[in-house]
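Here is a short report on a ligand and the protein around it. Look at the model first, then read on.

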Amino acid sequence: MRLQCFSRPTQAKRRVTMSDPYVEAWERSIKDPNGFWGDAAEAIHWYKRWDKVLDDSNPPFYRWFVGGELNTCYNALDRHVEGGRADQAAMIYDSPVTDTIKTYTYRQLRDEVALFAGALADRGVVKGDRVLIYMPMIPEAVIAMLACARIGAIHSVVFGGFASNELATRINDAKPKVIVSASCGIEVKRVIPYKPLLDGAIRMSNTDAQPQSCIIYQRPMETAPLTPGRDVDWKEVVAAAKPADCVPVAATDPLYILYTSGTTGLPKGVVRDNGGHAVALNWSMKAIYNVDAGDVYWAASDVGWVVGHSYIVYAPLLRGCTTILFEGKPVGTPDAGVFWRVIGQHKVRTMFTAPTALRAIKREDPRAELMQKYDLSNFYALFLAGERLDPDTLKWAQKALKVPVIDHWWQTETGWAICANCLGLHAYPVKEGSATKPAPGWNLQVVDPNNQPLPAGQIGALVVKLPLPPGALVTLYNNDQGLIKSYLEEFPGYYKTADAGFIDEDGYVFVMGRTDDIINVAGHRLSTGAMEEVLSDHPDVAECAVLGVEDDLKGQVPVGFVVLKAGVTRPHEEIVNELIQMVRDRIGPVASFKKATVVKRLPKTRSGKILRGTIQKIADNKDYKIPATIDDPAILDEIKAALVTIGYAQGRR
Ligand SMILES: CCC(=O)SCCNC(=O)CCNC(=O)[C@H](O)C(C)(C)COP(=O)(O)OP(=O)(O)OC[C@H]1O[C@@H](n2cnc3c(N)ncnc32)[C@H](O)[C@@H]1OP(=O)(O)O
């Protein structure tokens with residue numbers, strides 16, 4: 001029988017007593033999920049109370065708060081307006097790229113959301129319809145998300161850094177009735193027109209998936225041409241709309257679809273429900289982040305990512321906090337002090353960002369001198385996630401900020417933290433390289449390939465015993481079998497995180513890296529398989545491999561290796577430039593695919609498998625062994641020579 005985390009031998013060595021609120025919460029959440037999450041659900045407004053907290057009658061599909069009815073938008077806005085927070089700031093839009101700061105009280109945000117919900121309803125959007133949102137970091141993106149939630153429509157936000165092709169695959173899958181977009185985004189000083197990307201995506205998408213209408217928010221720096229009969233102006237439709245009321249939805253009804261990179265080129269549509277999501281996110285704000293209603297909370301991410309969904313929009317508003325919507329970059333808007341300016345100016349208590357953002361700041365302002373200009377006395381803790389937190393960055397932030405710097409680990413699929421130092425329950429000492437302990441609700445284990453538990457300290461697959469807690473994905477959109485195949489099949493009874501790692505003697509979790517082809521570039525999760533599909537489409541390419549190699553700033557960056565077809569004599573530089581442009585056009589700038597090299601052949605095993613791990617080690621200047629199964633060891637020297645030409649593999653072997 002499998003040992004559960006709390007009964008592991010390692011548990012006996014925990015230097016904590018049973019009165020530790022974290023241990024109590026974690027154990028109760030696993031032994032008595034009905035009681036634990038039922039209690040947490042009392043903090044949410046329900047039109048109809050649930051019949052059952054956890055419905056486990058159809059494993060591996062689990063449902064939370066079955067029979068319950070609620071509205072997520074009501075809980076995020078109206079409840080606070082009616083409960084005395086009408087004049088409190090709900091959202092502060094801070095945009096150094098447009099030199100704008102605009103505050104929305106809960107009343108103002110509720111009213112704007114209700115009007116836009118009315119505008120969506122006027123365009124025929126009803127409960128269960130999908131609305132795709134492709135927008136930069138402007139208040140209208142948040143308003144559109146909440147407006148969907150208000151009328152029971154399912155939003156699907158697509159990150160602005162994706163190209164038309166990626167957008168088209170999401171349109172094909174979600175089949176949105178309406179698309180909401182804006183005329184442009186702003187990348188530091190560059191205006192990026194969104195409309196040509198959107199028009200291109202709609203042209204590429206299947207006819208039966210194309211939207212009936214597009215609502216376009218025209219920004220002053222770019223006016224998008226509107227397609228007659230399909231496109232309408234945001235301001236015009238809102239001016240004509242009447243506010244829409246909140247529609248009660250089943251707890252198990254979908255709130256949103258968020259696409260994430262899969263191991264093939266096709267993204268997976270993670271489905272989040274309404275009830276479990278509202279309960280878990282609201283609960284997490286206190287338990288994990290130790291944040292109360294009225295506090296200012298800032299997640300410096302993008303609404304296109306899960307962090308943006310969970311911790312820019314839903315969780316802070318469910319909790320009655322003030323959330324910050326930041327349209328800028330850690331450096332260059334205008335300088336590496338902007339994070340500290342925002343924290344000081346808006347009295348941020350807790351901030352959440354990705355390590356790559358801190359590395360960018362550290363590179364420009366290594367002694368954190370710009371921080372000294374601002375009053376950070378309200379600042380309580382910095383949380384980091386999205387990629388590995390390297391010890392240098394952790395120490396730099398601890399020294400500069402003098403507040404807890406907390407690494408935590410989660411995924412688009414999980415919706416909130418699998419592992420964290422739950423500051424609202426018990427603050428544990430930080431260990432470098434560890435995301436601390438499994439959060440309540442997450443029965444995390446380390447197993448070998450045969451699904452057998454591994455002892456403390458041994459690296460294996462990180463898996464979570466089912467059921468997953470509320471707030472985690474409930475399925476993949478229109479693809480229950482895909483959920484099983486991608487996450488539940490390999491380790492029966494468990495959710496495969498596709499991360500490898502170990503749990504130490506003290507119960508601390510160390511996440512070491514992915515077990516599939518996903519790489520993490522500046523906190524963006526990308527599929528190397530998808531990039532290989534693009535390179536393979538180049539007429540001169542016979543074979544290719546894309547790998548994530550270490551990068552001081554972005555954590556990892558993709559590097560392509562291509563073998564050309566026989567007889568191709570064109571200059572390699574020309575071909576490489578075309579490949580770079582193809583990835584930018586087909587996946588988007590966010591892929592940061594800037595380096596590729598032409599090689600004579602790829603190192604393979606005798607059975608034909610490309611030795612990606614070995615290439616990666618050569619690129620990262622790590623020790624490697626020549627695999628016994630290699631077809632021809634001489635190829636590794638050729639790969640090394642090719643890597644040197646693009647600035648890698650220049651150290652020891
Ligand atoms: C915990 C669960 C999760 O993991 S959820 C995911 C969490 N991840 C994050 O929150 C992402 C964290 N990273 C960031 O916010 C950014 O990378 C930061 C650190 C701000 C740096 O941004 P930046 O300098 O633009 O670099 P980048 O690598 O992100 O961008 C690469 C190229 O893509 C572009 N890009 C980026 N965003 C957009 C956008 N919204 N619209 C259009 N283009 C975009 C950038 O401009 C950049 O382009 P270029 O190659 O310089 O031409």
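How far is a nitrogen atom of the ligand from a polar backbone atom of glycine 160? The distance is 3.3 Å.

## About the model

This is a predicted model: local features need pLDDT of at least 70, side-chain atom pairs count only at pLDDT 80 or more, and totals for chains, interfaces and linings use all residues. Residues are numbered from 1 along each chain as its sequence is written, and side-chain values use heavy atoms, with hydrogens and water left out.

A polar contact here is a pair of N or O atoms within 3.5 Å. Glycine 161 places a backbone N or O atom 3.5 Å from a nitrogen atom of the ligand. Glutamate 187 uses its side chain: a polar atom there lies 2.6 Å from an oxygen atom of the ligand. The ligand on its own has 1000 Å² of accessible area (Shrake-Rupley method, 1.4 Å probe). The protein covers 83% of that area.

## The shell

The ligand has 27 residues around it (a heavy atom within 4 Å). Glu187, Ser301, Lys329, His524 and Lys594 come nearest. By class, the shell has 13 nonpolar, 8 polar and 6 charged residues. Gly counts as polar in this scheme.

Helices H10 (306-319) and H12 (355-364) each supply at least two residues of this shell. Helices are DSSP runs of H or I with at least four residues, and strands are E runs of at least two.

## Helix H12

Terms used: A polar contact is a pair of N or O atoms within 3.5 Å; within protein, one must be able to donate a hydrogen and the other to accept it, and residues adjacent in sequence count only if both atoms are side-chain atoms.
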